[in-house]
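Colleague: Would you please take a close look at the salt bridges in this model and describe the residues that form them?

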Amino acid sequence: MQKRSRWAAAFHIVLSTLALGWVGGTCLAVARGDIQFPIQTSPDPVLPDTVEAWSPAVSWEENPGEDLVILPGSEEPVYYYTDPPAQEENPAPPAFEDIQTPADAQKPENLPDSPASPSDFPVPSTPEPSAKPAQTGQETPVSPQLADPDPDVAAWTVGSAYDFSLPAPASPAVDSSYFADAAFVGDSRTNGFMLFSGVGCGENLSSTGISVFKLAEKKALTIDGTKYTLLEALALKEYKKVYISLGINELGYTNDKGFYRSYSQAIDTIRTLQPQAVIYIQGLIPVNEEVILQNSGRDYLTNDHLRVYNDLLWQIAQEKRVVYLDLYADFVDESGSLPADASKDGVHLKRAGCQQWLTYLQTHTVAFEALYPSYIPKDQEVPQ
């Protein structure tokens, strides 16, 4: 099927909607190309048989073969794929235990061949658990030998009582105005959070399908007619908090070393761009593998691999002296999964889940001064 621009698709949908209208107040006609079909909107949208797959996400621009439809009364926006993707961006790996990317699989570009130093990696394949924190209900992995923090950052933390080896502890709840000077960097999960959590403020620097491997090179955002990478967009203004949520789109890779290095480099870049911001690394919320298989058949999105990434994110937070948010523990059920009723596709959260996410962020905040009591801005440093 010949693909159309997002504007042509949008115009076609509007015309078709006006022409076909409502049927009993419960149906919206959606059209793309030569396909037209009604979609029930009450009490719950039902996917038509012609749909290849769907997920609540946003961005025609980055996904020209997909149409975004926000259905009246639905829990979240829905992608309707009327053209199957030409190529899977994150192919299913043969076995994620194999740390090397197979020759016939997609490999992230521009990655160094080895870690920055021997102490940087690897994480043990089976980390030894320590005591189970009562508030999280999950095992806390013992970190491997950590890389030395940047000397400047280490100097900032002199006198700090904050324990970077632990996730952020619970704190008094803040209202949403706390996030007015925050930037949210992430993928389609972050986009869903910004749309449906009720946060109401903060900069949405997210892009559907983005990965940490492409964070510095993919021109994923258009602002005032100019295309930017997410990091370039982050540099356009000053923020006091930066929330990062990346890792779901990377689960199809078998390059855990590359994930660790690329994420570490991203934190360094963000700190350079926003030196007076609290950087929050958000642990990955679990997925529901059964729901994923039922909806899309993707078998590479596993909680086993997701937990490996969370261990790496926790390690990076310790090494970089930034805040780790243990969202996984707040969402995981007794089987180690995202509850089946929390998501329609097993990955993206419904409105209630986005609101739960916001509540967690509101009750796990840390002041910049508590983290870095010895911080001195560059322009105030005394030359030696």
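Modeller: A residue is called exposed when its relative accessible area is over 50%, buried when it is under 20%, and partly exposed in between. The model under discussion is predicted. A salt bridge here requires a side-chain nitrogen of Lys or Arg within 4 Å of a carboxyl oxygen of Asp or Glu, and by this rule the count comes to seven.

One of these joins Lys241 to Asp181, with the closest N and O atoms 2.6 Å apart. The pair connects distant parts of the chain, 60 residues apart: Lys241 lies in strand β9 (residues 241-245), and Asp181 in the loop between α2 (151-156) and β5 (182-186). Lys241 has a relative accessible area of 10% and is therefore buried, whereas Asp181, at 27%, is partly exposed.

Another salt bridge is formed by Lys237 and Glu203, whose closest N and O atoms are 3.5 Å apart.

Lys240 pairs with Glu238, and here the closest N and O atoms are 3.2 Å apart. Lys240 has a relative accessibility of 34% and so counts as partly exposed. Glu238 reaches 52%, which means that Glu238 counts as exposed.

How values were computed: Residues are numbered from 1 along each chain as its sequence is written. This is a predicted model: local features need pLDDT of at least 70, side-chain atom pairs count only at pLDDT 80 or more; totals for chains, interfaces and linings use all residues. Side-chain values use heavy atoms; hydrogens and water are left out. Helices (H or I, at least four residues) and strands (E, at least two) are DSSP runs, numbered from the N terminus. Buried means under 20% relative accessible area, exposed over 50%, partly exposed in between (1.4 Å probe, protein chains only).
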